[in-house]
Amino acid sequence: MVSLQTRMTLLVVALFAIIYATIVLIGTAMGYYDFYFYLLISLGIMWFQYMIGPNIVEWTMQVKYINQEDNPQLFEMVSDLARRANIPMPRICIAPTSVPNAFAFGRSVHDGRVCVCQGILNLLTDEELKAVLGHELTHLKNHDVITITLLSVVPMILYRIAWQMMWLGGGRRDNRNAPSGMVIALVAFLFYFITNLLVLYGSRIREYYADKGSVELGNRPAALASALYKLVYGCARKSGDEDMKAAEGMKAFFLNDPSQAVNEIHELSELDLDKSGTINGEELFRLRGKEIRLNMGERMMELLSTHPNMLKRIKQLSQYT
């Protein structure tokens, strides 16, 4: 299997190649020879996003950093996993939301932060919570948090370029046969759509690697599968409430996509053969031999989602049993 680092590197190359192609198109076709200005703006936006990204997360989720005395058990779990992952101990915080979830963020592995939402603490067993924390620490270990954050800026830049070309034009046009600003705007919009799909793809594959990383840190696949099942169920129950709406903009960071929970809970409940509200090792092992087939609607929904189809994701976990 191609490594996560290789895939992410290819994504970075592909997305920046598209930005460069767009800038060259503007410069050569519209006679606007200061197109390097766009490159400087792009780099400036990325630097700005890199610097204030964690602050935006803190403000959006209203996180509160805690000390070891506040929750010794949670600290012990994170400390043990960080030691196993061979990464610095991340800061730990709690988000005062009833949405059951967790996420990792930060500028680098040395600036890592792990946040658990209040709603997850009373929902999962200790073993399930540790499997979730292992998933989040793997995001930090793989450096994919900052990578996906920076990549997400690329579609935004292309959108801004397209908007400017459509309404403000592209500078002087020395060549009358050159395409109009509207044509270039349409090309930029097309690139915006393509890069957005690439960013979503990168977001999905990093979840598979983080799941595998949690298992490699010593957590049982069934514990993580059961945790995912409970999170989907918990999010489905809260569908439409104010906490869910407030957390919508953060779903790319979450362990699962809360907005898809209502669609996912029915097929996941089929895995819970004994109706215990969990997925045990035997139930997960039985899934291992089954073929997962998604219909066209489900494939399209996954293509436009920040997270993999949950049934496929749990099926992948069954391969580690």
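What volume does the largest pocket have? In this predicted model, the answer is about 810 Å³.

**View 1. Centre of the largest pocket.** The largest pocket has a volume of about 810 Å³. Its lining counts 31 residues. Closest to the pocket centre are Q49, S152, G249, A252 and F253.

**View 2. Helices around the largest pocket.** Four helices, α2 (36-61), α6 (144-151), α7 (153-167) and α8 (181-216), each give at least two residues to the lining. The top contributor is α2, with 7 residues. Sorted by class, the lining holds 17 nonpolar, 10 polar and 4 charged residues.

**View 3. The second largest pocket.** Helix α9 (residues 221-237) provides the largest share of its lining, 5 residues. Among the lining residues are Y229, K230, Y233, G234 and R237. The lining also includes S98, P100, G119, N122, L123, K238 and G277. By class, 4 lining residues are nonpolar, 5 polar and 3 charged.

**View 4. A nonpolar patch on the surface.** L190, F193, I194, M296, M300, L303 and L304 make up this patch. Together they have about 650 Å² of accessible area. Helices α8 and α13 (296-303) each supply at least two of the patch residues.

**View 5. L303 within the patch.** L303 sits in helix α13 and belongs to the nonpolar patch. Is L303 buried or partly exposed? L303 counts as partly exposed because its relative accessible area is 35%, between the cut-offs of 20% and 50%.

Definitions and conventions:
Residues are numbered from 1 along each chain as its sequence is written. This is a predicted model: local features need pLDDT of at least 70, side-chain atom pairs count only at pLDDT 80 or more; totals for chains, interfaces and linings use all residues. Side-chain values use heavy atoms; hydrogens and water are left out. On a 1 Å grid over the protein atoms alone, a cavity is a set of points where a 1.4 Å probe fits but cannot get out, and a pocket is an open set with protein on both sides within 12 Å along at least five of seven lines; lining residues have an atom within 4 Å of a point. Grid points are joined across faces, edges and corners, and a volume is the space filled by probe spheres set on the points. Ala, Val, Leu, Ile, Met, Phe, Trp, Tyr, Cys and Pro count as nonpolar, Asp, Glu, Lys and Arg as charged, and the others, Gly among them, as polar. Patches are made of residues with over 30% relative accessible area and no salt bridge: like charges are joined within 9 Å, nonpolar side chains (Val, Leu, Ile, Met, Phe, Trp, Tyr) within 5 Å. Accessible areas come from the Shrake-Rupley method with a 1.4 Å probe; for residues, only the protein chains shown count as cover. A salt bridge is a side-chain nitrogen of Lys or Arg within 4 Å of a carboxyl oxygen of Asp or Glu. Buried means under 20% relative accessible area, exposed over 50%, partly exposed in between (1.4 Å probe, protein chains only).
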